[in-house]
Every structure is written in structure tokens, then in C-alpha cells.
Amino acid sequence: MDSICVTGGAALAGEIPIAGAKNACLTLMPATLLTDDPLTLTNAPRLSDIRTMTLLLQSLGAEVSALQEGRVLALSSHALDSHRAEYDIVRKMRASILVLGPLLARHGEAEVSLPGGCAIGARPVDLHLKGLEQLGAVLELKDGYVHATAKGGLRGGRVSFPFVSVGATENVLMAATLAKGTTVIENAAREPEIVDLARCLRAMGAAIEGEGSDTITVEGVDALHGATHQVVTDRIELGTYMLAPAITGGTVECLGGRMELVESFAEKLDEAGISVEETARGLKVSRKNGRIRAVDVETAPFPGFPTDLQAQMMALLCTAEGESHLHETIFENRFMHAPELMRMGAEIDVSGGTATVRGVDRLKGAPVMATDLRASVSLILAGLAAEGDTLVNRVYHLDRGYERVEEKLSACGATIERVSGS
Ligand code: EPZ
């Protein structure tokens, strides 16, 4: 397993290109199952999760080609020969559940392994299943698989989520495009990735209104056709790299970044003493002056503070002046980066869903363990400003969501290298 070694101390300066959104691409790719025509995705990120979704779709008989060094994905499901998503792929990536809605809508049948939990929580899929049942699906759970059928096809319905779920909104939205009649999704997720999916589905001929608000209305159509769609910029990669100059005290321009993708996050950075300036090419981020100020953060569905940036924000607040409180409201176990940051000298108390961080002058490099995707990058960020070397182990977590992280950071003056493991 590879590790990444970071030697802290350099103030970063330069520019970092931001890739297409992993969490948009992972829902756009299954949309190919909704039509026999070709679907082309541009600005695709080159990540192991995308390769996993590629393998899953290919296991169903879909064709997926990575062109232009993986930046363009050419997909087609005209030769689909299976509707069964096997456990050994699904267990590697929870987003695999997103093939359920499209398979059901297009082929009237789907067998998808339940994804199981992950490091940050149990992460059930009950809202996905209930939502599809509202569209007429008949579901049976057997041997760890969801067996779903929709004889005569799905029908439009009213799906009202008790709380916001990004994935459940995506599954129901895709299924509703081919359901007979009108579907109204209430308490829908408002994330930019949902808006991006709706734009792609509309380009494929779907009739969708209200994406980005909490109510989405879909008029089912008989068939969808192919399209070419550019994947939206990754707001979580953007926020992550905005924190790099914030932590080291430098100035970095994040190319392709747009303020509307990270509004609430940028407000918190401003409160902490970080300046974020919109430029013609992206977002320029620098520390205003002196020490970071402590701030309180509460994660929430978009447009609130993203849970996927909570670990990275904690890394910044470890050396802030004063006491910060981070309240994680989305996942039940998303503080595993805290003990690792404490190995670097951070002072953190976790109680239930709240982490209290008392700022220290400087962190000290140490060997640390990555536990999940966002925790692993928060340890890299902490290492950028720590005294000495930080060795982050198990960076396969990192490669799921960050393309060439050591290249992007070393181009801005960081001392960071990948150490190949056994
Ligand atoms: C998506 O996961 C993202 N993943 C996550 O990013 C992100 O953290 C999350 O949305 C929240 O923004 C992808 O898009 C591939 P949810 P998802 O359904 O859809 C509970 C990353 O780091 N829930 O919005 O799985 C769930 O357990 C990843 O890139 C149910 O109880 O998240 C969680 O507590 C991590 N039943 C909360 O709702 C359900 O049926 C929100 O989950 C579905 C979800």
C-alpha cells in the first residue's frame, strides 16, 4: 500500500486546476442505462471510483471507453445483457446503488447488492427503496440483494423524503424520467451534483423542473436519447485545495472554481481570516494576516456547510487562535481524522456529533493513518503546515477522490512525495 510523505513549512504559491466532480460523475455514468444511444461525458475526473463504476457498468454489458487519457468517457448500454450488480463490486463503492433506478426504469428489472456500511456510517439505502416503491417498483430483499421489478414499467408518483438524501434523490430522479406520468420529489437534495444530473438528463430528452430547489417535478417520457455533457467542477476538491494556502499562509488560485459552488464554505473561511477572491480563472485564496481565527461549523445539506469538507476544515482549525466547535449532522461517525490529528499534537475533544478543537501554535509531523477519503486529505493538509515529516498511510482512500494530489501540491511549492508500499 502506498503512503504519502509531506514535509511541512512552505507557504504555497501558484495555481491548482480543479477537476470534474467525482460525485457528479458517479451519478451521470449510470444514466447511460436509461437509453440505448451513446452518452459522452467530458471533464471527467481520473479517479479509482470512476474506474470502479466503469467496471460495474461493464459487468452489466454496457460499453464504457475512457478517451483523452480518461478525461472523456464514452458510454453505451445498447448491448446490456445483465441487470444484476454483483456484491464484489458494489461493496467497494456505495455509489453502485445508483444503477438501481435506471435499470428498473429502462428494463423493468434490477438485482443490486446492498452496499453495506462504510467507515463513516451505516449508510442505509432505505430512502432509495421507498422512493422507488412510490413509483410502483416491487422490491424483495434476498441474500443481501435488492430484487426490484416494475412490470409494465414505473408510474409517476409523489416521493416525499423525511430528510435530505443526495443518492436517493438521484436514484428517484433518474427512474422518474421514464415513468408513466408525473413525479414530484419533495425535500429533494439541492447539491450542484443534482443540478448537473438534471441538466444531463434534460439534454437526453427528460422533462425536469425545479432541480436545485427542494421540489423537483418530472414528466415521464417514452424514451431518452444520447447526449454529450460536461461534468460540473468538483466543489469538494475545490474546497480542499482552498484550504491548502489557508493552512500554509500562502496564496493559491484554484482554476475553474466558482463561488456559487462553495458559498457557505467560503463564508466560514472569511470568518476564520482567509480571503477568497473571484478571478476570471477561478478563486484566489490567501490568508489575510496573522493567525487563523477559531470558528464554529455545522454541516448541513447544500447550500449549508458540506460534510465532505468537515475533516479538511478541522485540519485548518487545529492551529487557529481559540476554540472551535465542529458539529457533524450528516454522518454518525465522521471524526476518525481527529485521533490522527491528535497524534500530530492537535487538541481535540469529540463528544457525540461535536468536535471541540483548541488551537495550538503548530502541529508536529508524525506517521498517521488514512481511514476514509476526506479524512486522508485532511491529514495531508495538516502535514503541509506541520513541523517535520508526516507520513500518511493507506492512501488508496485518497486516490478514490483526488487526482494527482502530490503533483498539484508540489507544483505550488509543497514538499510531498508518494512512497510506494509493498
Ligand atoms: C453522497 O452520499 C456523497 N457521495 C457523499 O460523499 C456525501 O457525503 C453525501 O452525499 C452527503 O452530501 C456520492 O455522491 C457518491 P446521503 P450519499 O444519501 O448519497 C442517510 C465523499 O466523500 N441515509 O445524502 O450516500 C445517510 O446514512 C462521499 O465523496 C439514510 O438513512 O449520502 C446519511 O447519514 C462521502 N437512508 C444521510 O442520510 C438512505 O436511504 C445523508 O446521506 C440514504 C441516506
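Predicted model: local features only at pLDDT ≥ 70, side-chain atom pairs only at ≥ 80, totals over all residues.
Residues are numbered from 1 along each chain as its sequence is written, and side-chain values use heavy atoms, with hydrogens and water left out.

What kinds of residue make up that shell? Helices (H or I, at least four residues) and strands (E, at least two) are DSSP runs, numbered from the N terminus.

Now for the polar contacts, meaning pairs of N or O atoms within 3.5 Å; within protein, one must be able to donate a hydrogen and the other to accept it, and residues adjacent in sequence count only if both atoms are side-chain atoms. An N or O atom in the side chain of Asp308 sits 2.6 Å from a ligand oxygen. Arg374 has a polar side-chain atom 2.7 Å from an oxygen atom of the ligand, and for Arg334 the distance from such an atom to a ligand oxygen is 3.4 Å. On its own, the ligand has 830 Å² of accessible area, and the protein covers 87% of it. Accessible areas come from the Shrake-Rupley method with a 1.4 Å probe; for residues, only the protein chains shown count as cover.

The largest nonpolar core has 143 residues, of which Met29, Leu173, Leu201, Met313 and Leu409 touch the most other members. α8 gives the most to this core, with 8 residues. Such a core is a set of buried Ala, Val, Leu, Ile, Met, Phe, Trp, Tyr and Cys residues joined through side-chain atoms within 4.5 Å. Buried means under 20% relative accessible area, exposed over 50%, and partly exposed in between (1.4 Å probe, protein chains only). Leaving aside neighbours within four places in sequence, Met313 is in contact (heavy atoms within 4.5 Å) with residues including Leu243, Phe265 and Leu326.

Helix α8 (residues 235-248) also holds Glu237. Is Glu237 buried or exposed? Its relative accessible area is 2%, so Glu237 is buried. Beyond four places in sequence, Glu237 contacts Pro17, Ile18, Ala19, Tyr402 and Lys408.

Helix α4 (residues 100-107) is mostly covered, with 6 of its 8 residues buried. Those buried residues pack against β7 (109-113), α5, β9 (145-149) and α6. After α4 comes Gly108, with a positive phi near 75°.

Finally, Lys364 lies in the loop between β21 (354-358) and β22 (367-369). Lys364 counts as partly exposed because its relative accessible area is 49%. Not counting residues up to four places away in sequence, Lys364 touches Met344, Ala386 and Glu387. Its C-alpha atom is 57 Å from that of Leu154, 210 residues away along the chain.
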